[in-house]
Amino acid sequence: MEQLPQAPDAIRILPSWLLGRAAARGQRLVGEALAMAGLRMPQYAVLAAVAELAPVSQAELSRSTGIDPKDMVALVGELQQHGLLERAPDTRDRRKNVITLAPAGARRLRRGDQLCRAANEELTIALSSAEREQLAELLARVARAAEV
């Protein structure tokens, strides 16, 4: 088990500090897991969003993921170049393109999903199944409160 970094007791008990440590560990675990599928986190986020929203415009992808539009251009181009996404003219507006998952993208996304689940299992290994569900519910409440 990893040791928490040294910090004064008054800091180590703060939920914000603990969330930061847990988030850093989670990002590291998920990043390492996705690397085994040949993906980085932003690429995985784009594939997941396309799977959920397709056919989707690049602008909508940017809005739904929170990824800067300039960065989205590069990500979509990169994923298309690797045969994971397809771009085609929008049948409703030929001036626009829509993005869909290529078959290879769907396979890569499924592999990424499996690896992310395993990484999250490792992140929460010290918790029971009920505690994992409770943690997810509590974190969702904290996150939603920030959106108000």
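Predicted model: local features only at pLDDT ≥ 70, side-chain atom pairs only at ≥ 80, totals over all residues.
Asp90 itself is located in the loop that joins β1 (85-89) to β2 (97-101). With a relative accessible area of 9%, Asp90 is buried, because its value falls under the 20% limit applied to buried residues. A polar contact is also formed within this region: the side chain of Asp90 reaches the backbone nitrogen of Arg92 at a distance of 2.8 Å.

The packing of two helices was examined next. Two packed helices are described by the angle between their axes and by the distance between those axes. For helix α3 (residues 41-53) and helix α4 (residues 58-65), the axes come within 10 Å and cross at roughly 115 degrees. The two helices, α3 and α4, are therefore roughly perpendicular to each other. The crossing in which α3 passes α4 is right-handed. On the α3 side, the contact is made by Ala45, Val46, Ala49, Val50 and Leu53, and on the α4 side by Leu61, Ser64 and Thr65. Classified by residue type, this contact of α3 with α4 comprises six nonpolar and two polar residues, with no charged residues.

A further position considered was Gln114, which lies in helix α6 (residues 103-123). Gln114 is partly exposed, its relative accessible area being 42%. Along the chain, Gln114 and Ala37 are 77 residues apart, while their C-alpha atoms are separated by 9.8 Å.

How values were computed. Residues numbered from 1 in each chain as written. Heavy atoms only, no water. Helix = DSSP H or I, 4+ residues; strand = E, 2+ residues; numbered from the N terminus. Buried < 20%, exposed > 50% of the residue type's maximum accessible area, 1.4 Å probe, protein only. Polar contact = N/O pair within 3.5 Å; in protein donor to acceptor, adjacent residues only side chain to side chain. Axes fitted to C-alpha atoms, helices over the stretch in contact; angles between N-to-C directions. Parallel < 35°, antiparallel > 145°, perpendicular 65-115°, else oblique. Left-handed = near helix turned anticlockwise from the far one by under 90°. Contact = heavy atoms within 4.5 Å. Nonpolar A, V, L, I, M, F, W, Y, C, P; charged D, E, K, R; others polar.
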